Amino acid sequence: MGIFLFPAPGRQRNQAPASGPHPCPQNNRPFGRYAEDLFEVGQELGIRGSTLIQLFLAGLDEPVNREELGELDTWSYWEMVDHVIYLKEVELREGALPVWAVAPEPPRIVPATSRISGSFFGRPGLRRSVEDPPLMSNMYLIWPTGDVEILTNIGPNDRLVLELYLFPIGLGYVELVHTDGESTATVRTRKPLDADELKETRGILFYSVTCSNTGVKNNRTVYVLDVNDNPPIFQNKSYSATVSEVHTTAVGSDVLRVRADDADVSPPPVSDDFDVTEDGSIRLTKHLNYSDVQQYIFTVEARDIGGLSDTTIVTITVENSDNLYFDHSLYKASIEENQVGQFSNVTPEAIKAQDGDTGEPVVYSISAVLPRVYESIFEIDQNSGVISVKTALDREEIDQITIKIQAAQWDDASKTADAEVSVTIEDVNDNPPKFDQDEYTVSILENSPQDQFVLQITVTDLDLGGFSKGHFIMYSDTFVINNQGVISLRSNATLDRETIDNYIIEVIAVDQPVDGLSSTAQVNITVLDVNDNNPQFLPLPDRIEIQEGVYTPSSPGEVCVISATDSDIGENGRVTMNVSSHSELFSFREDGTLLAIEELDRETQDTYDVVIVAMDNAIPHRNNITTVRISITDVNDNAPVFSSDTYSRSILVKDAKVGELLLTVSATDKDDGSNAIISYSFSKNSSMVALDSETGDITLTSDLSEVTEDTLLNLTAIATDQGTPAQSDEAEVLIYFEIYTFNESVTFENSSYSFIIKENEPEATIVGKVKALTGSPLATVSYNMKSDKDVFSVDEEGTIKALRPLDKEEEEWYILTVEAIDSRTPPNTAETKVRVQVENVNEAPVFDDEIYEADIFSIAPYKFPIVKVQASDPDVGESSELQYSLVESTSLLDVEESTGQIYVLDASNVGDGLHTFQVKATDKHGLSTTTKVQIEVKHSVHRDIVAVISLNQPVYIVEKKIPEMEDSMEKALGLTVNILSVRDKTGTIFGESTAKTYISFIAMDSSGAVIPATEVKEKLHTEHNALISELEKVFGPGLEIKVEDSSGSSEDSSQAAVITLSVLFAISTVGLIALLIVFVSYRHKMQNDSDTESLNSGVLERTSTCSIEIPNNFNNPESRQSFSVTERMWQGN
């Protein structure tokens, strides 16, 4: 019997009533009330006494409350699948009326989405209301007759007919009741349903309700659940069999089998010589003896779970036999190896053969032993049948032997019986364990981690179970061995090859915990070198020096030998010397000799601090660094140089005095030491003047009384150093002795000159011209630039030229001294001042660096700073007025116009790799310059940390309010929020017309840990009112917020970008703050039909597509009725 309970659906909290003219009624009845309805229906159906009932609960809105289930008297078992509950072995009581509910699972689970109102659908006198929501097209049929379904919303012009669907047999069971013009119709059964007649359709009833004027078909599938309405029937009314009393019919074998359809077999027969199994097999439980019982007759009953039954008669005849036989055809025995004597255990009982008729004694013998080689080892007592072992056996040689024995009658040897004895040789611990090697050699790296695996030793044992119960003994402070033979480094030990490079350890294997046998093996462990030592320099010379000179790689100069050692071995300990600084001047030979390979000029640089690197040859290298100071010793490679090519002096003879200092010549030498000591001399001696060899002073040695006219004394002064070989220089000395004084001089036309030149003019641009007068047509003038010789020059004509382009910002004014020299002897000179002003010309800005580089991850926070470019304007005071811009716009980054700060816009549109951009700096006059910016974009992210929401605000408004948004979201959610990207649904970052913006962000807790997006979305659910309140302070009232699926789906756009981020922060407080942000972004296609979670100022709800809809019109194929009807056949007593 089957009854289905269908609780009415209840409206969920805050849920609006269902749309349509016929809303679903609300009925929140406790489950216990449905139990009461069950009794009421049972009484109406005539249930009396104990009745088997199948009870199902289906169509529940929510999981059943356990407290409600407690209203039932007894619950032995219950199970819930989705929102469907199956109850098993449930006892319901009303007074003395027990009702047992046994619920086998139905052919198909009723889905939780189906809704059926009313206590029982199909109950006599209780019909479905037209206001009930639709059911599934698959139905369970309960009642054998009555209404199957009621159709509603039928139009006045609709013409309904019942038609065949898949199988014609369905139309024989149901009929359609409908009057044209009425809005309802009923499908009902025309005769009782019988699942046995529907075997062709597997118990399923098919039909179709068709609107003939529109062609709309509504196919129906009805599952007819079978009930217990047929008793079991034995195939035969009686069964018989014959069984021999000897062992030809073995104990435990089936004698015969009775069969009944639709039943289990019970109870077993009365005799304990037989047993009846559930499948009807009658099985022999022990040997039969004809002398005791000649025939067995008993009744077997078959009863189904509904209590219906049938019986049959079974007759078993025992066949007499006078043959000799063993009680068992197979015996099992055992004996320990290395033992002799009788078997310790024989099963199932002692060996025995007998003659059932005469009871005469028997004689036992061994007929064969397998393997045959062991025949001589066994003997059998001919009277008792006891078998003994004469020679000890070795289980490791053989562990199983079969002995064939024979029994013969004492008085008639022709009457025999045979049996087998399976002998198991039991193990004795008589074999010591054996290592697979007598000696093991293995190596391990020094500095290996604690518990590092070293070696696994294999031990075998021929005894039963092998070495499974064995253990190892090893004495070592450094290594340990476990019971599996694994040798590993102790957890508190470290290996240092430089301290101990080899271990020899003895390992003992013991095969039993107590009184075990043992063996030993030796383990040699070599510690391999790890490059864990830096090279160490040997002591260096106190002073390292080399003479200056011209050296080449092919002809180097040896400086000194520098050596280093390394405690490691092999390539780890082989040290190579290298020069890290001044490598263009110095290098090493393989033997460690430091060489000079380029010219060394002491006068240019007299010492070098050379960084020496001692590096081993391991991979990776280890090294040591030291600095040596190399002093360059002098070589006399520079001659003295006079300060002037000519020294001259005029003196009036009448004023001359002996000893008067006339001139001082001076020379310098770039060499050092004695090579720089200079002595002076004349090329030939003079009677009028003398030259001091040390000071270079030229003094008068004559009173000039012999000079009667103007006389020019022309001498050559020589400066000689003390080097080897010595070097020298010469200068001309002119001394003019005058008798009379004349006013002869040279003067400039103007006491000073002023010129102007524009900045950046090319080399040799004429600045101006000066002119000097001698007062005599016989005297000529030459010009000499006495100041700023590296900037300006003057030629023989007095023309001043610029030697290079000038920069006003570097120097605006130059004050030059120009000397005029006449051709007189001695010459006269005059000087004038020349003022040169550099006139400003607008110059282009200049960047501090030619290229700027930075690394970012592909998801950086929106407007996160990357790198700052800086330019300066050579024009004075105009650097602060520069404007920065990108030469070509890009969605990856942008630059702050006034500061040059480059920041991220969106890295999700670009791939991994290097991206190059040009940034331009422009001054207020329009001149500009560019620099290169290279950004390396990398991907590294977890997609499940980024949450996405959308606002009904344009992008350009949201973009301006990012800081305020972050603050508001942090207040509402209690989490630190970092906004990663803002964009419209097309991915545009700066849109102006789209009134919807997608915001990607991550959230972190107080410790800085990133919160998964799923938890953030839950937070958005619980704090949505606070979030709306805070964000309306930023954007104003009427704000709509929608939580977008972080995988990229949205019901409002076909494509959108979802950005994911991984952020790493590292903060140092020793004067430096470093911030590294890791970003990754991806674009994904967004689906219009995906579920979306919505947040608004009203109710938080989940929007999903429900498969059950109420049709507005029966003829609309898109909204045709879909429902589930459960119908059940029943049968009372």
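This passage describes the overall make-up of a predicted protein model and then several of its local features.

The structure is a predicted model, in which local features are considered at a pLDDT of at least 70 and side-chain atom pairs only at pLDDT 80 or more, while totals for chains, interfaces and linings use all residues. Residues are numbered from 1 along each chain as its sequence is written, and side-chain values use heavy atoms, with hydrogens and water left out.

The protein chain contains six helices and 84 strands, where helices (H or I, at least four residues) and strands (E, at least two) are DSSP runs numbered from the N terminus. Of its 1133 residues, 44% count as buried, a term that stands for a relative accessible area under 20%, with exposed meaning over 50% and partly exposed the range in between (1.4 Å probe, protein chains only). The accessible surface of the chain, computed by the Shrake-Rupley method with a 1.4 Å probe, comes to about 58,200 Å², and 46% of this surface belongs to carbon and sulfur atoms. Among the contacts (heavy atoms within 4.5 Å) with a separation of 6 or more, 68% involve residues 24 or more positions apart.

Helix packing is illustrated by α4 (residues 962–973) and α6 (residues 1024–1035), whose axes lie 8 Å apart and form an angle of about 160°. The axes are lines fitted to C-alpha atoms, for helices over the stretch in contact, and the angles run from 0 to 180 degrees between N-to-C directions. Angles under 35 degrees count as roughly parallel, over 145 as roughly antiparallel, 65 to 115 as roughly perpendicular and the rest as oblique, and α4 and α6 are therefore roughly antiparallel to each other. In this pair, E964, M965, S968, M969, K971 and A972 of α4 meet A1026, L1027, E1030, L1031, V1034 and F1035 of α6. By class, the contact between α4 and α6 comprises eight nonpolar, one polar and three charged residues, where Ala, Val, Leu, Ile, Met, Phe, Trp, Tyr, Cys and Pro count as nonpolar, Asp, Glu, Lys and Arg as charged, and the others, Gly among them, as polar.

Two cis peptide bonds were examined in loops between strands. The bond from I619 to P620 is cis, with omega near 0°, and P620 is located in the loop between β48 (607–616) and β49 (623–633). The bond from T724 to P725 is likewise cis, with omega near -10°, and P725 belongs to the loop between β57 (711–721) and β58 (728–738).

Positive phi values occur in H582, at about 55° although this residue is not a glycine, and in A764, near 70°. H582 lies in the loop between β45 (575–579) and β46 (586–588) and is partly exposed, at 26% relative accessibility. A764 lies in the loop between β60 (752–758) and β61 (766–769) and is also partly exposed, at 46% relative accessibility.

G146, in the loop between β6 (138–141) and β7 (147–151), is partly exposed with a relative accessible area of 29%. Beyond its neighbours within four places in sequence, G146 is in contact with R188 and T189, and its C-alpha atom is separated by 8.1 Å from that of R190, a residue 44 positions away along the chain. N218, by contrast, is found in strand β12 (residues 216–224) and counts as buried at 2% relative accessibility. N218 and E163 are 55 residues apart in sequence, and their C-alpha atoms are 9.8 Å apart in space.
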